[in-house]
Amino acid sequence: MLDALSKSFFHALARSKTLEHMASRYGMARPTSFARRFIVGETADEAIAGARAIQSKGMLLTLDQLGESITTLSEAEAATKVYIALIEKILAAGIDRNISVKPTQLGLDIDSAVCIDNIKRILDLASRHEFFVRIDMENTPYIQKTLDMFTSVWAQGYRNTGVVLQSAVFRSEDDAKAVSKLGARVRLVKGAYKEPAAVAFQAKSDVDKAFIRIMKVLLTEGHYPAIATHDPAMLDATKAFAASTGIAKDAYEFQMLYGIRRDLQAALVAGGYRMRVYVPFGKQWFPYFMRRLGERPANVGFVLKGILGER
Ligand SMILES: Cc1cc2nc3c(=O)[nH]c(=O)nc-3n(C[C@H](O)[C@H](O)[C@H](O)COP(=O)(O)OP(=O)(O)OC[C@H]3O[C@@H](n4cnc5c(N)ncnc54)[C@H](O)[C@@H]3O)c2cc1C
């Protein structure tokens with residue numbers, strides 16, 4: 001209940017332009033500014049420097065150029081070009097070839113066909129250089145459209161891509177089976193959005209139970225699944241299930257967000273597990289940042305400390 005309230009509250013605040021304006025002024029201004037805890041930087045160069053530091057700790061990474069819910073096709077075109085430039089920068093930098101993209105950033109909300117063309121332009125360049133492109137999952141109105149887009153590019157022969165499924169959402173267990181049958185890779189998450197009771201579990205205990213059910217489907221029927229969570233109970237359940245069914249540590253990977261549970265990230269690497277960090281960067285960091293606050297209201301404390309410290 002508290003989880004749901006906190007998510008709703010922070011998702012409402014995320015729509016405030018005044019707050020966004022104020023946060024943008026202070027959040028990333030200095031090397032110690034509060035938003036830098038979750039966002040590596042505003043430029044690709046900062047992201048690449050952060051990525052190198054992560055790789056030096058024996059971790060894998062995926063870079064995410066922040067931005068979502070654009071409203072014109074020219075913005076979708078600009079976002080596509082930004083991703084193409086990012087792939088070229090990653091190639092030149094020699095870091096892990098893995099990016100995450102949001103469908104609404106590429107125009108899903110405006111024109112699905114244009115969005116498919118945009119993702120194909122990214123995948124064409126990516127596949128020439130053995131990149132993996134993860135298509136992030138947004139809130140429930142986009143799930144079917146995102147999976148349609150994904151199955152369309154998969155049917156056209158693109159294999160260097162995968163999707164995300166959210167355990168909070170009722171349909172995800174069936175989707176996990178269908179995507180696994182296709183032969184594609186899934187990242188399993190709990191779900192970052194506030195969803196209505198008609199389509200998603202509301203109690204954390206139900207979301208967690210579904211996470212474990214879907215994790216088992218993906219580990220047994222899936223293809224190199226990514227188990228993306230900071231929840232020690234989910235990590236333990238995954239490790240125990242893999243060990244008891246003889247699934248090797250390199251047959252799947254764990255993923256966590258930049259700046260969250262760095263202790264657990266290091267412990268997984270020390271335990272010989274594959275650990276990929278999701279590294280977001282860019283000027284449009286505000287909605288992503290607010291989702292992180294909504295997941296753990298205690299984060300507001302360190303944000304306030306940061307703001308007061310900077311004035
Ligand atoms: C690599 C990755 C990619 C993701 N991609 C997507 C996506 O495409 N679509 C989507 O809907 N969601 C995505 N998410 C977000 C996900 O859905 C959850 O909202 C988020 O991971 C929090 O859930 P949890 O599994 O960590 O468990 P929770 O039960 O929320 O948290 C478990 C514990 O983790 C720690 N923790 C969790 N969140 C925070 C935080 N913000 N700050 C500090 N500590 C925290 C706390 O110790 C908490 O007790 C992604 C998450 C990861 C790790």
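A residue is termed exposed when its relative accessible area is over 50%, buried when that area is under 20%, and partly exposed in between. The views below are taken from a predicted model.

**View 1. A patch of positive charge on the surface includes Lys57.** The patch gathers Arg37, Lys57, Arg262 and Arg296. Lys57 belongs to the loop that runs between helix 3 (44–55) and strand 1 (60–65). With a relative accessible area of 55%, Lys57 is classed as exposed, because the cut-off for that class is over 50%.

**View 2. Gln166 is a buried residue of strand 4.** Strand 4 spans residues 161–166 and contains Gln166. The relative accessible area of Gln166 is 4%, so the residue falls under the 20% limit for burial. When neighbours within four places in sequence are left aside, the contacts of Gln166 are Met137, Glu138, Ile143, Ser172, Val189, Lys190, Gly191 and Tyr193.

**View 3. A salt bridge joins the side chains of Arg121 and Glu77.** The model has a count of 17 salt bridges, one of which is formed by Arg121 and Glu77, with an N to O distance of 2.9 Å. Arg121 is located in helix 5 (residues 112–128) and Glu77 in helix 4 (residues 73–93), so the pair ties together parts that lie 44 residues apart in sequence. Arg121 is partly exposed at 31% relative accessibility. Glu77 is likewise partly exposed, its relative accessible area being 26%.

**View 4. Asp96 and Arg276 meet through their side chains in a salt bridge.** The N to O distance in this pair is 3.1 Å. Asp96 sits in the loop between helix 4 and strand 2 (98–101), whereas Arg276 is part of strand 8 (residues 275–281); the bridge therefore ties together parts that are 180 residues apart in sequence. Arg276 has a relative accessibility of 7% and counts as buried.

**View 5. Asp206 forms a salt bridge with Lys209 in helix 8.** The closest N and O atoms of the two residues are 3.9 Å apart, which lies within the 4 Å cut-off for a salt bridge. Because Asp206 and Lys209 are three residues apart in helix 8 (residues 204–221), about one helical turn separates them. Asp206 is partly exposed, with 30% relative accessibility. A network of salt bridges with shared partners joins Lys190, Lys204, Asp208 and Asp231. Lys190 is also among the residues in contact with Gln166.

Key
Residues are numbered from 1 along each chain as its sequence is written. This is a predicted model: local features need pLDDT of at least 70, side-chain atom pairs count only at pLDDT 80 or more; totals for chains, interfaces and linings use all residues. Side-chain values use heavy atoms; hydrogens and water are left out. Patches are made of residues with over 30% relative accessible area and no salt bridge: like charges are joined within 9 Å, nonpolar side chains (Val, Leu, Ile, Met, Phe, Trp, Tyr) within 5 Å. Accessible areas come from the Shrake-Rupley method with a 1.4 Å probe; for residues, only the protein chains shown count as cover. Lys and Arg count as positive and Asp and Glu as negative; His and the chain ends are not counted. The place of a charge is taken as NZ of Lys, CZ of Arg, CG of Asp or CD of Glu. Helices (H or I, at least four residues) and strands (E, at least two) are DSSP runs, numbered from the N terminus. Buried means under 20% relative accessible area, exposed over 50%, partly exposed in between (1.4 Å probe, protein chains only). Contact means heavy atoms within 4.5 Å.
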